[in-house]
Amino acid sequence: MKNKKSDMLEPLEIAIDSPALNAKFNNVLEVLEKFEPKLPSGIFTPALGGDPAEELPDAPPEPVYNPKQRGNIQGNTIPGFNKDHQHFLFYRIRKVDRAKRWLKWIAPLITSMEEVIAFVRALRSARRRLGVEPPMCSAWVNIAFSQHAIEVLAGRDDAAAFGEESFRQGLAARSTYLGDPTRNSHPGHRNKWVVGGPKNEADIVVIIAADDPGDLVNLVNMIKRRADDATLRLIFEQRGDTLPGRLRGHEHFGFKDGVSQPGVRGKVSAAPGDYITPRYIDHADPRARYFAKPGQLLIWPGQILLGEPRQHTEHLFNPAPGGSNFPAWAALGSYLVCRRLRQDVPAFWKFAIGAAAIVGMPAEKFASMLVGRWPSGAPIMRTPLADNFALAGDEWANNHFIFDDNTLPSMLRPIPGYGGDPFPQAAQDILGAVCPHFAHIRKSNPRDIATDLGKPHDSMLRMILRRGIPFGPPIVGVKKPSTKLIKQERGLMFLCYASTIEDQFELLTRRWANSPIQPNFGGHDPIIGQRDERGARTRFIDFPTAAGPRRIRLKNEWVIPTGGGYFFAPPIHAIAGVLGA
Amino acid sequence: MPITRFDTPASVIDTAVAAFFDDWSDFIESNLSTVAGTGTALGEFVDPSEFDFTITAERPLVWMAFPRQVLVDRRDDRRAAFTFADSDPATRNPQNEYCEWHVARNKAGKISKVTFVTESPEYWERLWNADRAAVVNLYRTLLNNPGITEADLEQPGPGHIYDQFNNFNTTGGIVHLIQGINKLALALGLAQDVHTGTARDNYETIPPGLRTNVDPRVEFDIGALARKPLSLTLREPIGLYITGFDDTGWTKPDGSPVGNYWTIVRGVPGLALRVEYQVPPGEGFVVGDIRIGGRPIEWGGQIAEHVTVAVVGAAGGRGRG
């Protein structure tokens, strides 16, 4: 056999503290603001659901959520708050009876799926009528509890009835399993966390979200006052805001975030087509059975909500019965993972600039290959050579690609004002030459590729709903940021909902992002991957070059865990009726 | 140049009987069938003993050693899955991912050692037929039991027929795979099973009936390569290998990270055939005292979940024979 591979070269290590890199770093930061998605104009997105033509004949019936159920499901779980301004309050219970009274007070404030869907529909309707972004504002609250909180509020038996062992253990106990630092001296060690470490675990997290910052502050202050009265101890609070101006929706490294989310199956009413997640694929396209819109896979709601029909383990679009390993009152609730991740933006970009120079490509392209998307959010699978802002802004195109085979154009139902996906389709990249095996989006969402757990159908069991928001002042887009600004803390409040923690969030993190060989060989996820082998934290990527893969060692870290927790977001009736009773 | 003789898995040399190596090479070759020259748009599996092969890329196909079927059948009860996977050392029937393990416990019932193997029964049967003394010696060495005899390893009756279900490869230990479908011949068949049908991508591909990690892993990857079309073959030395084990987040009783307690007994790193997990005596504790993500190790399957198995495929183009 003849082998064309040339992976015998010495691994590269990038020193990120050189003066030359500092100068280039400022240039990159400034340029990043220009990578803005260009939203298509003249399109009237229909209000959610309600179009009988969306009904696919012969498809398995999806659960219909009646008003009572919709009023019970917390709105940040499904369909998600997605507000620009959010605040997180982490509390410890001191006096159980006072805490219960506070829960009875806050329960009516908790925003349900019903209210969020109603708001989104009203917003879309107004947008359609007015032709501009309507000035509609709302302020919403959600809440979640640790296993310890459930134990003191509902009793040991109920707390023990949660079959999710990782939830019962808590994030601090699982920290090093997730690749977090084992050395006490490391800034990311759990003992140093601002919340969620072994000695400062939160019992309750309250999520407050608003369109208007003033509304947010008022609501937060009110909740805090009442919590003080209830002797709840505020362990930590964190304000989160989407990045300003043209970087809205981007995370601190400068990349558009949250482009790809699974679509949750289920209906808001029995009316034909009244789906939680709108369906855009034409029925003549076989993918209408498992995609809501191009690239957005449909998952059964039990992957997120306890007790609901789940994804079949062997099938793309058939359901399986929901789980039952939880107290009866917890049905329609969801586990919430919160990770406060500090981002070292200079470390990331200096590494990218230094490594890019060695492999001979622009830093933006190199960094985009680490992520799998360009800063605008355009997938490199569809535009390998340069960013494409129009593609980034096209929600029917910017997530439409697979890895192992050529992506075929989607057949779409008519969308008023939308002329179709005009961009070149993604060519197959089975060997990871375009979007490398280590790229963040390929690691955390392998899409069509087979994995160490078998077929891509299995990967649908791993999907989560992400609800993160940045915190701290940005430096991307800032011309010559001051040293003081650079040193300020910034990062991502990573939140996700799922019906298991171990088989979804933890699996994605430990099994795929943190492993250099799973789901495929090629290195660690250079964005969120954590690795700690007896204190050694070096990761690597096998970067594709014309001469074969070139191993690059990642000695520095740019995502550092600084807090969080494992929580359970109960159905709303249980907040006063069980936990507050 | 085409391969003239197939090597043993991980190039192990277990006997001085030269005929054994010819026999092994013949066995591999007889289980490789070339579908060359069909002129279709699809890739093809290439027998590297018949054709030269230019490798574009190597592609280790990795899968989890813990049986997926056991997990998905007990979706809400991982403890039940671990219990079941360890439950039948006489047949190891649940362990159907081309990797099997044996659990040894101390007098207190705690796990003292877990041994993983990926060696096929076909290899050991052929080695037995060529050199029974070598097999007996290997059993003695691998199981640290000088008392093992030839009679212990053969079926009752005349003819010295090897008994793969002997006590030292079942309840009393482990040397090679015994589970019904964990055969190298079946693995080789799986790797050559290029049947994409009309599927244009993996979503349209009908999954194999088995709910394992390995079968769809290999079938989907090979189908996808063939659609390119890339031809493919298996990288020498052909075999099933333990390619990774991840003990990050595992802790000693004092909460500090575990040391490296893995020993590759047969094979080499990346191409391991037999791996033992055992705490050195000087540490003062045993495997059962270790915690994985805060949970004590009670079953071998908890470790198997962090063991990765692979075959190494090579994708490229077929040259002339």
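1. The C-alpha trace of chain A spans about 70 × 60 × 50 Å along its principal axes.

2. This is a predicted model, in which local features need pLDDT of at least 70, side-chain atom pairs count only at pLDDT 80 or more, and totals for chains, interfaces and linings use all residues. Residues are numbered from 1 along each chain as its sequence is written, while chains are lettered from A and ligands numbered from 1 in the order in which they are written.

3. Chain A has a mean pLDDT (the predictor's confidence in each residue, from 0 to 100) of 93, and 97% of its residues reach 70 or more. Over residues 1-8 of chain A the pLDDT is below 50. Where pLDDT is low, the predicted coordinates should not be read in detail.

4. Of the 581 residues in chain A, 57% are buried, that is, 20 or more other C-beta atoms, placed from the backbone, lie within 10 Å of their own.

5. Between chains, 45 residues of chain A are in contact with 42 residues of chain B; contact puts the C-beta atoms of two residues, placed from the backbone, within 7 Å. The side of chain A that touches chain B has 15 nonpolar (Ala, Val, Leu, Ile, Met, Phe, Trp, Tyr, Cys and Pro), 15 charged (Asp, Glu, Lys and Arg) and 15 polar residues (the others, Gly among them).

Definitions and conventions
A residue is buried if 20 or more other C-beta atoms lie within 10 Å of its own, exposed if 12 or fewer, and partly exposed in between; C-beta atoms are placed from the backbone.
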